[in-house]
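I opened this entry to look up how the parts of the chain meet, and then to follow one residue through its surroundings.

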Amino acid sequence: MITGKTKVVCIFGDPIEHTLSPLMHNAAFKELGLDYCYVPFLVKKEKIKDAVEAIRALNIRGVNITVPHKEAVMSYLDEISEEAKYIGAVNTILNEQGNLKGFNTDAYGFVKSLKEENISLKDKFILLLGAGGAAKAVAYGVLKEGANIFIFNRTPSKAYKIKESFSQIGKIEVIEQITPEIIEKFHIVINATSSGLKRDDPMPLEPALLKKGQTYVDLIYTKTPLLKEAESRGCEVIDGLGMLLWQAAKAFEIWTSTPAPVDVMKKFLKK
Ligand code: ATR
């Protein structure tokens, strides 16, 4: 029940209709009997500054930030966490008496989703496909775990930029061509491109390159053509639902200082 004491958290994005975050968080608040509610807000690109001002004006406790605001929102916050600075994107805001701090829980969510599948990253060789915002979060998380990353992007200049800013954290190289000989050495292949979101998107890798024994991870929630191909070739596959779950769990903990009821959140996500 919403009362005068209920704390409000929300998400800003455009589009916002398909977000699964309200379901997950409201189920979690209910489970723990926390007096919070989570609401979606459609925020147009040109309104993000006003929307951030509204967090203070309306005393909103916390916010998730999604497409297209994760980068732009950073200019209007009071503090930015170290990982969000590196990644160059904020997906979670905490409001403490009008002081707005930005976090990025995507890197944590990604790494945690692999750990949950008993995949360790230390010293592993990883092929990372893509060099956009999602790829940066993955690169940060995976490098912090001690993996070696090789990054491939349709537009190589963007991959070189990531290498430049992330090489202080760990071992990161750019590759401009993926050949059967090169792909041999990777334990894990991660699709952080947006290719696979739409039904007839091309695969980000030639099917013939996929190799049995490798693990294929996609940040997209559904089973993409890449994951289907990998599965048919006897590879282990992991979709993006785990990352979505664990980034939410971390945001929940930032806002409430309470461990998230992950099993309940997972149940709602799967439904
Ligand atoms: P996100 O926030 O989801 O990472 P983004 O920052 O727009 O979105 O990045 C999209 C990534 O997917 C980029 O690496 C993009 O490659 P380019 O840098 O060359 O644009 C990649 N991408 C999108 N469509 C692709 C396709 N059909 N094949 C290969 N890569 C694709």
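**Where the domains meet**

The model is a predicted one, in which local features need pLDDT of at least 70 and side-chain atom pairs count only at pLDDT 80 or more, while totals for chains, interfaces and linings use all residues. Residues are numbered from 1 along each chain as its sequence is written, and side-chain values use heavy atoms, with hydrogens and water left out.

I noted the bounds as 7-104 for domain 1 and 108-242 for domain 2, which come from an automatic or database domain assignment. I then looked up the area buried between domain 1 and domain 2 (the accessible area, with a 1.4 Å probe, that two parts lose on being put together, summed over both), and found about 670 Å², of which carbon and sulfur atoms give 62%. Of the area that domain 1 buries against domain 2, Leu20, Tyr86 and Ile87 supply 70%, more than any other three residues.

**Asparagine 91**

Is asparagine 91 buried or exposed? I recorded asparagine 91 as buried, because its relative accessible area is 2%, and buried means under 20%, exposed over 50%, partly exposed in between (1.4 Å probe, protein chains only). I also saw that the side chain of asparagine 91 reaches the backbone nitrogen of threonine 105 at 2.8 Å.

Definitions and conventions
Polar contact = N/O pair within 3.5 Å; in protein donor to acceptor, adjacent residues only side chain to side chain.
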